Structures are given as C-alpha cells and as structure tokens.
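Colleague: Could you walk me through this model? I would like to begin with the helices.

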Amino acid sequence: MSNPLSTWLRLATPKERSILARDAETSVNYLYQLCGTAKHRPRPGAKLASDIEAGTILARAINPSLPVVTMQDVAGLSNG
C-alpha cells in the first residue's frame with residue numbers, strides 16, 4: 001500500500017531525497033523506514049513531520065511533479 005511519503009520518495013530524485021533528509025535533520029534511510037510496515041515503523045515527532053512538510057513544499061516549488069506531504073500525512077504513518 002502506498003502512502004504520500006512513499007509516493008514522494010519514489011518520484012523524487014536521489015538529490016531531492018537527500019535535500020529533504022538534510023532539511024528534516026534525518027537520513028534518507030529513516031524516511032524510508034517511516035514508510036515501512038506498521039509493525040516496524042517508527043513514530044515520527046511533530047518537528048520531523050513539520051520539517052518533512054516544509055521540505056516537500058520547497059521541493060514542489062522546484063519540481064511541480066512532486067506532491068506535498070503534510071504533517072497529517074506523516075502523523076498518519078504511525079497509525080498503520
């Protein structure tokens with residue numbers, strides 16, 4: 001099953017993924033972990049969710065084909 005963050009990661013270039021991870025003060029691997037199965041998925045905090053939303057808004061300004069991942073989208077990842 002796809003979620004907004006996994007869709008974003010699939011559509012983004014490696015450079016765009018790296019920029020999002022850097023801006024969100026995390027790693028690309030952790031972003032992928034957030035999309036993993038509910039049993040092993042970490043619970044993202046509010047700051048990380050906010051940073052991911054802000055980063056995807058900036059990325060979309062440069063690459064309009066990328067979706068915006070909202071804080072609610074990220075929070076929903078932990079509800080599996």
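This is a predicted model: local features need pLDDT of at least 70, side-chain atom pairs count only at pLDDT 80 or more; totals for chains, interfaces and linings use all residues.

Colleague: Which residues of α4 are buried?

Modeller: They are L48, A49, D51, I52, G55, T56 and A59 (buried means under 20% relative accessible area, exposed over 50%, with a 1.4 Å probe and protein chains only). Seen down the axis of α4, these residues fall within an arc of 160°, taken from the directions from the helix axis to the C-beta atoms, so they line one face of the helix.

Colleague: And which are exposed on the other side?

Modeller: A46, L58 and A61 are exposed there.

Colleague: What covers the buried residues of α4?

Modeller: The cover includes α1 (4-11), α2 (14-23), α3 (28-34) and α5 (71-77).

Colleague: At what angle do α1 and α2 pack?

Modeller: The angle is about 130°, and their axes are 8 Å apart. The contact (heavy atoms within 4.5 Å) is made by W8, L9 and L11 of α1 with E16, R17 and L20 of α2.

Colleague: Turning to L9, is it buried or exposed?

Modeller: L9 counts as buried because its relative accessibility is 0%.

Colleague: Which residues does L9 touch?

Modeller: Not counting residues up to four places away in sequence, L9 touches R17, L31, Y32 and C35.

Conventions:
Residues are numbered from 1 along each chain as its sequence is written. Side-chain values use heavy atoms; hydrogens and water are left out. Helices (H or I, at least four residues) and strands (E, at least two) are DSSP runs, numbered from the N terminus. Axes are lines fitted to C-alpha atoms, for helices over the stretch in contact, and angles run from 0 to 180 degrees between N-to-C directions.
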